[in-house]
Amino acid sequence: KTVLGIETTCDETAAAIVSVDSDGLPSIRANEVLSQIAEHAVYGGVVPEIAARAHVEVLDRLIARALERAGTRLADLDGIAVAAGPGLIGGVLVGLVTAKTLALVAQKPLLAVNHLEAHALTARLTDGLDFPYLLLLASGGHTQLVAVRGVGDYVRLGGTIDDAIGEAFDKAAKLLGLGYPGGPEVERMAEGGDPERFALPRPMLGRRQPDFSLSGLKTALRIEAERIAPLAERDVADLCAGFQAAVVDVVIDRARIALRGFADTAGRPTALVAAGGVAANGAIRRALAALAGEAGLAFVAPPLNLCGDNGAMIAWAGLERLRLGLVDDITAPARPRWPLAVESAPVTAA
Ligand code: ATP
Ligand code: MG
Ligand code: FE
C-alpha cells in the first residue's frame with residue numbers, strides 16, 4: 001500500500017510518499033519539505049497569512065516532485081493523507097482542499113489526519129514500536145505527555161498550562177538576540193556555556209500531576225539577562241546553558257511522574273518516545289534516554305528530519321488509519337483546534 005502525505009498546518013510545506021510492503025514494513029520513498037523559516041524570520045515568528053500564501057505557491061510542485069522521486073503516479077496510490085488540523089486555518093485549508101481535489105480526481109480514499117497523531121505515531125514508522133508507549137510530544141505549539149494506546153486511542157497524562165517547550169525556546173532566543181526558530185540556536189549556544197552560573201527556577205518540579213509551566217522560567221531568564229546587560233557572547237552562552245538545563249530537569253521530572261501514572265491508564269509501556277520539533281534537542285534526548293534506561297524501557301526518538309513537521313509522518317498516519325478502515329468523507333472539515341487525547345483521571349502516584 002502506498003499513500004501520499006500532505007502537511008501545511010504551520011510553516012513547513014511538505015509532501016511525502018510512504019509505502020508498506022506485504023510484511024507490513026514501511027519505507028519512505030519520498031519526503032519533500034520546504035520550510036518557510038526565511039519568510040517568517042524577520043518577524044520572529046510565523047505570520048499566518050504569509051504562511052498560507054507560501055503553501056499555495058509551492059504545494060503543487062512539491063507533490064509532483066514527491067511522486068517523481070518515489071517513481072510513482074497518482075493512479076498508483078492507495079490513499080491521499082492530509083493534516084486536517086490542528087494548525088493555522090489558512091494553511092490547513094490549502095492542504096485539505098488540495099488533498100480532496102486529488103482524492104476526487106483520482107478516485108482515492110481521503111485520510112484526514114490529526115497532525116498531533118502523526119507526530120505520535122512516527123515512532124512506529126521509524127522503529128516499528130508496539131502499543132502502548134509513553135509519548136512526550138513537544139513542539140512550538142504543543143507540549144503534552146500522552147499514553148499512546150492505539151491508533152485513535154490517546155490519554156493525556158499532563159501538559160503545559162502556559163507556554164509550549166518549543167515556544168519557550170523561541171522566546172528565550174528572541175530575548176537573547178538569537179535567531180528564529182530558537183531551539184537549535186539556544187542548543188548551539190548552550191554547548192559552550194556554564195549551566196550553573198545563573199540560578200534559574202525549575203517550575204512544577206515534584207508536582208504530582210505531570211504538567212508543565214514554562215512562562216516563569218522565561219521571565220526569570222529575562223530578569224537575569226537584564227540584570228547583567230549588555231550581554232557578551234559568554235553571557236548568552238551561559239544563559240542558554242542555564243535555560244536548557246532547567247528545561248531538561250523539568251522534562252525529566254515530569255516524564256518520571258507520567259511513567260508512574262502510566263500503568264493506571266495503559267499498563268506497561270513498550271518504550272518512552274519523544275516527538276515534535278523539540279525532540280531534536282540533544283540534551284533532552286540524552287536525559288530522556290537515561291530516564292528510560294533507569295525504568296528498563298527503550299527510548300525512541302525519530303531522526304532529526306522526522307522530528308519537525310514533515311509529510312512522511314502524515315502519510316504514515318494515513319496508512320495506519322487506512323489499515324483500520326478509518327477513511328474520511330470528502331466533507332471532512334479543517335480543524336484549527338483538534339485535541340489529540342482525552343484527559344486522564346488525576347495521577348495519584350506519590
Ligand atoms: P506544532 O506545534 O503544531 O506541531 P510546530 O511547527 O511548532 O507546530 P515543529 O515543527 O514540530 O512544530 O517544532 C518546531 C519547534 O521545535 C520550534 O519551537 C523550535 O524552536 C523547536 N525546536 C527545534 N529544534 C529544537 C532544538 N534543537 N531544541 C529545542 N527546541 C527545538
Ligand atoms: Mg514547524
Ligand atoms: Fe508539528
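**Helix packing and the ligand shell**

Tutor: Start with one pair: G166, F169, D170, A172, A173 and K174 in α5 meet G182, G183, E185 and V186 in α6. Contact here is two residues with C-beta atoms, placed from the backbone, within 7 Å. Helices (H or I, at least four residues) and strands (E, at least two) are DSSP runs, numbered from the N terminus.

Student: How do the residues of the contact of α5 with α6 divide by class?

Tutor: They divide into 4 nonpolar, 3 polar and 3 charged. Ala, Val, Leu, Ile, Met, Phe, Trp, Tyr, Cys and Pro count as nonpolar, Asp, Glu, Lys and Arg as charged, and the others, Gly among them, as polar.

Student: What should I know about the model and numbering?

Tutor: This is a predicted model: local features need pLDDT of at least 70, side-chain atom pairs count only at pLDDT 80 or more, and totals for chains, interfaces and linings use all residues. Residues are numbered from 1 along each chain as its sequence is written, while chains are lettered from A and ligands numbered from 1 in the order in which they are written.

Student: Back to the pair. At what angle do the axes of α5 and α6 cross?

Tutor: Roughly 65°, and the axes of α5 (residues 165-175) and α6 (residues 182-190) come within 7 Å. So α5 is roughly perpendicular to α6. Axes are lines fitted to C-alpha atoms, for helices over the stretch in contact, and angles run from 0 to 180 degrees between N-to-C directions. Angles under 35 degrees count as roughly parallel, over 145 as roughly antiparallel, 65 to 115 as roughly perpendicular and the rest as oblique.

Student: And how do α5 and α7 pack?

Tutor: At about 10°, with the axes of α5 and α7 (residues 215-228) 10 Å apart. The two are therefore roughly parallel to each other. A168, K171, A172 and L175 of α5 meet L217, K218, L221, R222 and A225 of α7. That contact has 6 nonpolar, no polar and 3 charged residues.

Student: New topic. Which residues come nearest to ligand 1?

Tutor: G140, G141, G166, G183 and G277, out of 25 around ligand 1 (C-beta atom, placed from the backbone, within 6 Å). The elements giving two or more residues to that shell are α5 and α6. The shell divides into 6 nonpolar, 14 polar and 5 charged.
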